[in-house]
Amino acid sequence: MRIDPNDPRLTAYALGELENEDDRLEIEKAVQQSEELTLVVAQIRQTADLVVEELQKEPSPGLSREHQQRIESKLGAPSGSFSFQSKWVKIGGLSAAAGLILAAILTPNMLQSRSGPATMAELRRPEVDSVASQSRDQDQLQAQEPALGVSRYQAALPEEASPEVENEASDLARLEEAPAPMSEPNKVAEPESQPASTVSGASPTVAVGGELENLAQSEESAEGNRGRAEMHYSSEQDAGSYFSSSARSLDAPSPDFNTEAYDRIVDSRFLEVSENPLSTFSIDVDTASYANIRRFLVGGTLPPKDAIRIEEMLNYFSYDYPVPSGQEPFLASVEVAETPWEPEHRLVRIGLKGKEIELEERPSSNLVFLLDVSGSMQPSNKLPLLKKAMRLLVERLSENDRVAIVVYAGASGLVLPSTSCDQKEKILAALENLEAGGSTNGGSGIRLAYQTAVSSFISGGLNRVILATDGDFNVGTTNQGDLTRLIEENARSGVFLSVLGFGMGNYQDSTLEKLADMGNGNYAYIDDINEVRKVLVDQINSTLVTIAKDVKIQIEFNPLQVSAYRLIGYENRLLSKEDFNDDTKDAGEIGAGHTVTALYEIVPAGKGIQVPGVDPLRYQAAIQTTQLAESGELLTLKLRYKQPDGQTSQLLEFPVRDSGKVYSQASQDFKFAAAVASFGMILRESPYRGNATLSGVLELAEEGKGSDPHGYRGQFLELVNKARALAGPDSRPEQ
């Protein structure tokens, strides 16, 4: 049955007010099948968001007293009692008042002379329409700065003449805009006392007077949903079927309606060793960027440049690095060979391999699913896929594990208190009953999720919040700075965070990446069921079990061997040299069995390269080298890490030499990592991509493909071919 775009039920559906279940199902089916209706629903939601924003800005935005009284009567509020500065907690009256509000506010103040309805482009919110260009916050220097380690290759100058060496982080900071002022962080102790979000068939817990009152589901409801909730998938399915799967469909919004947000990335430049002998950064095991790039290429478009984080592309793949056998949680290995895109340069590949933990040896887990059930999560690649993901994870858990479910939309609610996984039917039924509707109050949900995790904390176990969302927080705590501070405060509880991103069109990558970083966690993008299997089935231990936290890398380059270097990727993970010894400085986490890869392109001593220099110093002498600089060492790799429950870091140190390998002598893993990095540089149009081409990337990847048991490397080759097909006179990649 065709639904008229003017049908008033569309407005009620868009705002989560359609109470008749038959009408809701009819509208939902029609919207899923009609691009026109999808656009109408999206337009209504965005218009409503703009109305709310405008009403919050001033007491009476363009409304006469008569208009106010008419709106108040529609909302059922006594005359004079409705405050336009407050949030629309009485959202149930929004549909009835929509016509009056649009006429009184939108038309004269926003649409101005436009005679027709607003386009999707006009309704986009400006604060998320463009890519943010903020670098990571830098902690203020403490009164007593941590001492730096002693240099292996440079002699110390007299104390009064100690040089200040600029590092990559400060160089990058000068290129980026200063972040906007942020308000004070919200307190974490108490959840907001609001009505719970709508959950069909389930009885969420609501915050009443600061206490949580559990409104449990009936066992009959749980049993009745068991059949629908139970799904079985083979974890052995080859990822090579990803591109041929007819079941893969994305609910793509109109190209005119896109509020995806990515932080600006500025490629790290070459730095002279004489001026910058130390390079320091936090490790990263996130993989979201690669899966997101895949989503764009499979959809027939090139990804935005700032969606391309090369370190996440590299770390999407596992590598055959040596496995640790001692007491250390991971083992480091280094390989040096010729750089394929710049043969006169050397490429240094640093690899870390985390200690493996057998599934049956995994500690008991206390998991809290923090699930976004707002209206923006309705498309099939969002909440429906999210529910499949959580079901697959639950099926992999044992009776020693516990799961709680917190949902958030306009408010937050505890749908399922912490429940043992020997009651999987009850957990799966609660997941099955979730439905999307309303706005997105992520801050409220975050508070309640951490409170729930802390109340069921397992000492010596795995305590983790798993946040699944598109990241489009639009009510409550919405400021990115406030959200990250909220996560950072809660991370001190010992509860780790995993972030799973879903969807497209309004996807907030910038926010989700920062939340994972501040929450001692990992970040993955879920675009289909195959990625669910990879993250939550095949790599469940890596995702859930943290074996080392606050892992930092610092490289000291020997000026007699290296004239300049650049770190490839990790642009938003750079640290100052002082941060390496500062145990209060947060860094990345490594999961069980994780591999971490980082690449440096270095210019050997004596090879010319144009690097912006500085004027000679008036008060400091030239650098003096030590005897170790004559040893032939290329660099020294230093690592700091903490135990998952520790507060004091431990130091590992490895001198590295260059054996002079040509590229053909490099390992398969080295070649494949080089192929992935060069692909990322081509897509980003990096000024440092040298002579890299897509054809060359295919050749390198073929040489490094190896056994490829899960098909992920073969899938990479398909992605490169898709990029080649898209490459034309107006496309970014050059062949």
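**Close-up views of helices and cores in a predicted model**

**View 1. Isoleucine 293 within helix H10.** Isoleucine 293 lies in helix H10, where helices (H or I, at least four residues) and strands (E, at least two) are DSSP runs numbered from the N terminus. The model is predicted, so local features need pLDDT of at least 70 and side-chain atom pairs count only at pLDDT 80 or more, while totals for chains, interfaces and linings use all residues. Residues are numbered from 1 along each chain as its sequence is written, and side-chain values use heavy atoms, with hydrogens and water left out. With a relative accessible area of 1%, isoleucine 293 is buried, a term that stands for under 20% relative accessible area, as against over 50% for exposed and in between for partly exposed (1.4 Å probe, protein chains only). Leaving aside neighbours within four places in sequence, isoleucine 293 is in contact (heavy atoms within 4.5 Å) with Pro303, Ala307, Ile308, Met313 and Leu683. Glycine 680 is 387 residues away from isoleucine 293 in sequence, yet their C-alpha atoms are 9.7 Å apart in space.

**View 2. The surroundings of helix H10.** Helix H10 (residues 288-298) is largely enclosed by the rest of the structure, because 10 of its 11 residues are buried. Among these buried residues are Tyr290, Asn292, Arg294, Arg295 and Phe296. The buried residues of H10 pack against helix H11 (310-314), strand E13 (521-526), helix H17 (529-538), helix H19 (668-684) and H21. Just after H10, glycine 300 takes a positive phi of about 90°.

View 3. The 14 residues of helix H12 (residues 383-396) should span 20 Å at 1.5 Å a residue, and the end C-alpha atoms are 20 Å apart, which agrees; the expected span is 1.5 Å times one less than the number of residues. H12 is mostly covered, with 10 of its 14 residues buried, including Leu383, Lys387, Met390 and Arg391. A nonpolar core is a set of buried Ala, Val, Leu, Ile, Met, Phe, Trp, Tyr and Cys residues joined through side-chain atoms within 4.5 Å. The largest such core has 76 residues, and those with the most contacts inside it are Phe369, Leu371, Met390, Ile405, Leu500 and Tyr600. To this core H12 gives the most, with 8 residues. Apart from it lies another core, of 43 residues, among them Leu314, Leu599, Ala666 and Phe716.

**View 4. The pairing of helices H20 and H21.** The axes of helix H20 (residues 694-704) and helix H21 (residues 712-726) come within 10 Å and cross at roughly 170°; axes are lines fitted to C-alpha atoms, for helices over the stretch in contact, and angles run from 0 to 180 degrees between N-to-C directions. That makes H20 roughly antiparallel to H21, a term for angles over 145 degrees, whereas those under 35 degrees count as roughly parallel. The contact includes Leu694, Val697 and Leu698 of H20 and Phe716, Leu717 and Val720 of H21.

**View 5. The pairing of helices H14 and H15.** Helix H14 (residues 442-455) and helix H15 (residues 480-491) pack at an angle of about 5°, with their axes 11 Å apart, and are therefore roughly parallel to each other. Gly443, Ile446, Arg447 and Tyr450 in H14 meet Leu483, Leu486, Ile487, Asn490 and Ala491 in H15.

How values were computed
Parallel < 35°, antiparallel > 145°, perpendicular 65-115°, else oblique.
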